[in-house]
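My notes follow in the order I took them.

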Amino acid sequence: MADTLPSEFDVIVIGTGLPESIFAAACSRSGQRVLHVDSRSYYGGNWASFSFSGLLSWLEEYQENSDIVNDSPVWQDHILENEEAIALSRKDKTIQHVEVFCYASQDLHEDVEEAGALQKNHALVTSTNSTEAADSACLPTEDESLSTVSCEILIEQTPSNDPETALEVNGAEVTGEKENHCDDKTCVPSTSTEEMSENVPIAEDTTEQPKKNKITYSQIIKEGRRFNIDLVSKLLYSRGLLIDLLIKSNVSRYAEFKNITRILAFRDGRVEQVPCSRADVFNSKQLSMVEKRMLMKFLTFCMEYEKYPDEYKGYEEITFYEYLKTQKLTPNLQYIVLHSIAMTSQTASSTIDGLKATKNFLHCLGRYGNTPFLFPLYGQGELPQCFCRMCAVFGGTYCLRHSVQCLVVDKESRKCKAIIDQFGQRIISKHFLVEDSYFSENTCSRVQYRQISRAVLITDRSVLKTDSDQQISILTVPAEEPGTFAVRVIELCSSTMTCMKGTYLVHLTCTSSKTAREDLEPVVQKLFIPYTEVEIENEQVEKPRILWALYFNMRDSSDISRSCYNDLPPNVYVCSGPDCGLGNDNAVKQAETLFQEICPNEDFCPPPPNPEDIVLDGDSLQPEASESSAIPEANSETLKESTNLGNLEEPSE
């Protein structure tokens, strides 16, 4: 690969997380020559999504990564006298305190394998002091990987079927099962169900199961390709910066979305649904008629709170929780507004922050459904890949499994002039964007990182059963003790293409105060129970049962000042990993800010040109006309996308 790489680019981007991918797409779209590299074997970094076997392989890689010993650097021979090097790290230290628990029946056999999947050895990763996890989680050890040849044949036989609608939401038919693996995550196109069934032996879901609630570990392994498990759990605000960017740049054609169907609250040990829209409020049986009027009046004020400064000016110094107490709201309504609409805690937000969050929530209602949120089918990891695809379409060069050894800095100008990769090749560039995790300890010695506590659960039923088993829910569990943080719970059903039929994928997230397990296990115990054979027979159990659980801490490098990094050249820019927030606005703001520094007079991710408007140099009128007539299909597709987008943007009152 190194021999075929050009020796000079305008921009080199190291890391394929969401902000880096948006930045690379914007640079490529503006005509910059972009090289986008990642030492990992998959796109997305800590924003990635994995199949079940892919996640196990990722855990194994982190275990191996912690054992890496830095050899003597080979790049030193390539540094000239008037240059110095900034060494990059070979270890990824962004993930810590990993603990895995398996509660499903351990009926594994040697022939159990994930249907049609590309697989590495399954591996168990637990923290060294977690003997319980080691005892309970027995994973197969046989090598079940397919050959590279069969992978290529599969791709050749399966025609591409990229979604061609501007923003497919909610009611759209999902046309395929998608390959999403740690081993070879190189934007394998989606395929239709019929085509996939012809080419790959996928285990079909049975309509009648002898025991509906009995799900074994071997079933999870077999159906592992139906899981797409996010490392970071987020949603998209329907009027947020990322949705606007997806529409503006036409990158939305590469993805499909599902509307979050309900917002839940946890109070007095019970989970209940929160009314969101005007219709929900007046149809709610949880609220009295007086409470309904109180709530509607307060929410109407929040939508235009800037027009009535006298209503909140005297309360700017207190928390939003204290401000709500001064309004004509019952304790029940205060709880709903604070935890389920503003989605904050009693101590975290000021009055202004709480009003802004409430207004943003209400502003996003009705664009695509009854809640403000969307979720990308196949997981959050699709989004970085969508922007990587845009970058590649406009000429960007991509290299996975390609590590960069160091940045080369000119001693006189103090500017970075090149990188040296794992093969010793020197690649020159004007600008360099590096994701935080690639910097060495020397560069980051003054940086104080926060941590995010994460848990991923596979469960057998929803936290709130309804007539439909295809609910996508978000729930905020308030902090109970001083020094702890509210926990955000996102529950995904099988229609999101993130888990197998008959199961739910549950993500828990909070700002860390301890290890992930210590932070999140109290909430897990409130909402779920471990899966055991005895309880299978007891149909009266109300709580969902946990089949499999993963806990880990992830570094939060957001909002760190560039000045905290040691001796960075002015043309080296830093991009952070995922933050703890629910939305993706921070990633978009980062990418746009950095892009404007490099290309101050360029539009950020403008729409792609209409094929009819493309004129090649030297073309006469006649060839130009024939060129237009040769692509009527693409043009009509563009018009179709715009029409669909216009329909989706009409807000429902």
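I began with terms: helices (H or I, at least four residues) and strands (E, at least two) are DSSP runs, numbered from the N terminus. I noted that this is a predicted model, where local features need pLDDT of at least 70, side-chain atom pairs count only at pLDDT 80 or more, and totals for chains, interfaces and linings use all residues. Residues are numbered from 1 along each chain as its sequence is written, and side-chain values use heavy atoms, with hydrogens and water left out.

**Entry: Ser340 and helix 11**

I looked up Ser340 and found it in helix 11 (residues 331-341). Is Ser340 buried or exposed? With a relative accessibility of 1%, Ser340 counts as buried; buried means under 20% relative accessible area, exposed over 50%, and partly exposed in between (1.4 Å probe, protein chains only).

Next I checked its contacts, where contact means heavy atoms within 4.5 Å. Leaving aside residues up to four places away in sequence, Ser340 touches Ile263, Leu264, Ala265, Val274, Tyr335 and Phe361.

I then widened the view to the helix. Among the buried ones I listed Tyr335, His339 and Ser340. The elements covering these buried residues include strand 12 (262-267), strand 13 (270-274), helix 9 (289-303), helix 10 (320-326), helix 12 (351-364) and strand 21 (473-477). After helix 11 comes Met343, with a positive phi near 55 degrees.

**Entry: helix 1 against helix 16**

I kept one general point in mind: two packed helices are described by the angle between their axes and the distance between the axes. Here, helix 1 (residues 18-29) and helix 16 (residues 585-598) pack at about 40 degrees, and their axes are 8 Å apart. The axes are lines fitted to C-alpha atoms, for helices over the stretch in contact, and angles run from 0 to 180 degrees between N-to-C directions.

Which residues make the contact? Helix 1 brings Leu18, Pro19, Ile22, Phe23, Ala26 and Cys27, while helix 16 brings Ala587, Val588, Gln590, Ala591, Leu594, Phe595 and Ile598. I sorted the contact residues into 12 nonpolar, 1 polar and no charged. For that sorting, Ala, Val, Leu, Ile, Met, Phe, Trp, Tyr, Cys and Pro count as nonpolar, Asp, Glu, Lys and Arg as charged, and the others, Gly among them, as polar.

I also checked the length of helix 1. At 1.5 Å a residue, its 12 residues should span 16 Å, and the end C-alpha atoms are 16 Å apart, which agrees; the expected span is 1.5 Å times one less than the number of residues. Helix 1 is followed by Gly31, which has a positive phi near 100 degrees.

I traced an open sheet of 5 strands in the order 15-2-1-19-26, with parallel pairing. Two strands pair if DSSP finds at least two bridges between them. The edges are strand 15 (397-400) and strand 26 (572-575), each pairing on one side only. On average, neighbouring strands are turned by 15 degrees against each other, direction ignored.

Within this sheet, strand 1 (residues 11-14) pairs with strand 2 (residues 34-38) in the parallel sense over 4 bridges. Ile12 has Leu35 of strand 2 as its bridge partner.

Two helices lie across strands here. Helix 13 (residues 382-393) lies across strand 2 and strand 15, running at about 135 degrees to strand 15. Helix 16 turns up again, lying across strand 19 (431-435) and strand 26, at about 170 degrees to strand 26.

I found strand 17 (residues 416-421) with 5 of its 6 residues buried, so it is largely enclosed by the rest of the structure. Strand 17 pairs antiparallel with strand 16 (residues 404-410) over 5 bridges, and Leu407 stands opposite Ile419. That hairpin has 5 residues between the strands, and in it Arg414 takes a positive phi near 65 degrees.

Strand 17 also runs antiparallel to strand 18 (residues 426-428), joined by 3 bridges. There, Ile420 stands opposite Arg426. This hairpin has 4 residues between the strands, with Gly424 at a positive phi near 85 degrees.

**Entry: the whole chain**

The protein chain has 18 helices and 26 strands, and of its 653 residues 56% count as buried. Among contacts between residues at least 6 apart in sequence, 76% join residues at least 24 apart.
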